[in-house]
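Open your viewer and get ready to click along. Each stop on this tour tells you what to select next and what is there.

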Amino acid sequence: MSIICHADISKSTDFNLQHNITVFKDEKLVFMSVSGKGDARYEVPMARSSHTGDYRCVVEANGKKRYSDSLHVWVTGMTKPILIAEKKEVFEGEVVKLRCELPEEVPPLHFIFRKMKMNSKPKEKLTYELQRNFSVIEFPIEEGDNILQFDCLGKRNVKFEFETSEPSNRTLITVKEPFIKPTLRIKPSSNITEGKEIQFECSTVVAKMRDIEIMLLRNKTILSSVRDQTTLKYSAVATLEDSGEYLCKVEEGKASKIATRNVVVTELFPKPVLTASMNKLDENKELTLSCSIKDFQNASFSILRRNSNGGILLRNSRNFTTRAKVNDTGLYICKAEVNRIVKESKPVMIQVYAPVSMPNISVFSGLPEVVLGKPLKLTCCLKMGTPPITFTFYKGNKAKKEIVTNNTCAVFLDEDIKQNDKGQYKCGARNHHSSGMKTSKILNITVIVPIRNISLGSVPYGEVEDGGETAFLCSVKEGSWPILFRIFRKTDRDVLLFERSEHADRVMWQKKEMSRQDTGTYYCIASNRANVSAKSHPITINVILASWQKGVITAFVLIPIAGVVILAVWWFWCKKKNAKGPSMEMSRSALATNSTSEKLSRQHDGDYYSGSGYIEDGENHMKSTDENKGPDLESAEVEYTEVEVSTLDPHRAPVQKGTETVYSEIRKANNGKVFEIDKQCITWLCSSFVTVC
């Protein structure tokens, strides 16, 4: 076969162009040529199936590369496989090793090995080789194989289709028997009567004694076996159970052969029957056991009580009578023997019952109480009584549940607990004793209601004066008594302030003297025997200054301020007085009075009058009055000043400000300075002090 790659290359006539031609099969390089010609030929001297595939060529010239189209080539057929056997002669039980090779074929490959013998269908084995063009397997040689022929075939996958080679050469294998099929003999016969001796003999002939074993089996149970011997013998007294198929098996290595025979044993007498006067009876009642065989009297009888070691002989007789005790409960059998044949009756169960004692009912947790919403676990126990015992639990007068157990205690779970349950429980117990049921005393159960809806309040609420008293009230809406109340104040680590257990739904705690350090958040927790704590919403208490503390602070702060203001006003008044001029004497004439009234009325209208205008009118008045004065007052000097006074509204309205002229008469005596301040000045100073305060 030739794969030709042709390239059409254009070039100058005198230019020698070298180019590379490469041939690929299934994308693998198989041929490469460098020449100045436009053709290249890949020669295959002898085509094989391995040459099947997709071919294409690549031409590269002067830095340019071109690819051809893909060409599929299918080489039909495969080489004939070659089969080689390791041995030409084998024994039964051995294996024969075969090697099948497909020369000049490329893996992966499939191999089929065939085992053929006369008058039977060939047996096949398949193998798959990924890396090799040959495969090796082993065929076991089985019983009955004598002359065997083997061959093999090869397969390969092309385009999802299989191509199969022709069969290989056939190889002949001769099989030898290591021993002949065994013979099983039975004496005196395969049909025998109970009580007679039966003998078995199993034998074979071996080609070579090497680790051979002979076994006798019945119902897949080995009765006897021997090694490195050609004969096995076994004998026994025939019983009814000995009927069945017997198998003699000879093994050597992996080779085995068998022989089978059926044995029928005729019954000599039937099995005995054990009867009891009562199967269930009270303690101290009379019990009679009798053993008998139907239509057969000449037998030796014995009555036994079965235990883990087999049985305890009670009496060698067909009858046995006793006064039953609880310990006599158990299985009883009887045996009958005739001509060395011993047969056993079916076991009979005898149950002796002691009466039940008065049961005792109690709570599993110990305390006769249950939390509302949780199940109640009760136990009912007996000091004595033979199981099985039937326990009945009652709630009130109604039976709730019936339990049958092999113990002297039973457990009852009541999941229907209600708040208004009276909680009266009792239990009854009975067994098969004729005394009947016995009932426990009534057990009263307390239903514990968990704490719900807890709240905390205080009087006064929110704010309390320093040193004052505060009452805290912690209360719950639901919860069984006694209730443990605890009051805490929140800090970095919550501080327990109060704790008390009360047979009530509320508790009050009075804190006598509150201080600034008591400001904070408070809450209370309540719990009872339900072991579930409830926490209230927090409340905030703010400790403020007491009234007397506010007064002290006011006195120490405001009084000095008021004094400073009064001194400042006094200083201003004195300074203004000294700046007025010559001394004058004030007279209380009608003109001055009218003028003053007029100015006061205008002041209420919002007008402002200076002191000089008023003094002008006052001088006329003073002159008239001076004329009536005596000589003692002529030398006196009178000075006037004008100040601003804020009047207070009697109804505590905002302060009205204006200018009011107040007259102060200051007389200078010849013997020194004497100051006299009239009532209006004093009134003005007092009102100024009150305003500042």
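Start with the hairpin of S2 and S3 in this predicted model. Two residues sit between its strands, and one to pick out is Asp-26, with a positive phi near 50°. Color residues 19–25 as strand S2 and residues 28–35 as strand S3: the two pair in the antiparallel sense over seven bridges. To see one of these pairings, select Lys-25 and then Lys-28, its bridge partner in S3. Is Asp-26 buried, partly exposed or exposed? With a relative accessible area of 38%, Asp-26 is partly exposed.

S14 provides the largest share, three residues. The space in the largest pocket comes to about 550 Å³. If you color the lining by residue type, you will find seven nonpolar, seven polar and seven charged residues.

From Pro-107, step to Pro-108. The peptide bond joining them is cis, with omega about 10°. Pro-108 has its place in the loop between strand S10 (95–101) and S11.

For another cis peptide bond, go to Val-459 and Pro-460, where omega is about -5°. Pro-460 lies in the loop between strand S44 (452–459) and strand S45 (463–465).

Next, show S25, S27 and S30. In that order, these three strands form an open sheet with antiparallel pairing. Strand S25 (273–276) and strand S30 (319–323) are the edges, each with a single partner strand, so one side of each has no neighbour in the sheet. From one strand to the next, the twist averages 15°. Zoom in on S25 and strand S27 (residues 286–292), which are joined by four bridges. Here Val-273 stands opposite Ser-292 in S27.

For the last stop, select Asn-339, in the loop between strand S31 (330–338) and strand S32 (341–344). Asn-339 is not a glycine, but it has a positive phi of about 50°. At 55% relative accessibility, Asn-339 counts as exposed.

Conventions:
Residues are numbered from 1 along each chain as its sequence is written. This is a predicted model: local features need pLDDT of at least 70, side-chain atom pairs count only at pLDDT 80 or more; totals for chains, interfaces and linings use all residues. Side-chain values use heavy atoms; hydrogens and water are left out. Two strands pair if DSSP finds at least two bridges between them. On a 1 Å grid over the protein atoms alone, a cavity is a set of points where a 1.4 Å probe fits but cannot get out, and a pocket is an open set with protein on both sides within 12 Å along at least five of seven lines; lining residues have an atom within 4 Å of a point. Grid points are joined across faces, edges and corners, and a volume is the space filled by probe spheres set on the points. Ala, Val, Leu, Ile, Met, Phe, Trp, Tyr, Cys and Pro count as nonpolar, Asp, Glu, Lys and Arg as charged, and the others, Gly among them, as polar. Axes are lines fitted to C-alpha atoms, for helices over the stretch in contact, and angles run from 0 to 180 degrees between N-to-C directions. Buried means under 20% relative accessible area, exposed over 50%, partly exposed in between (1.4 Å probe, protein chains only).
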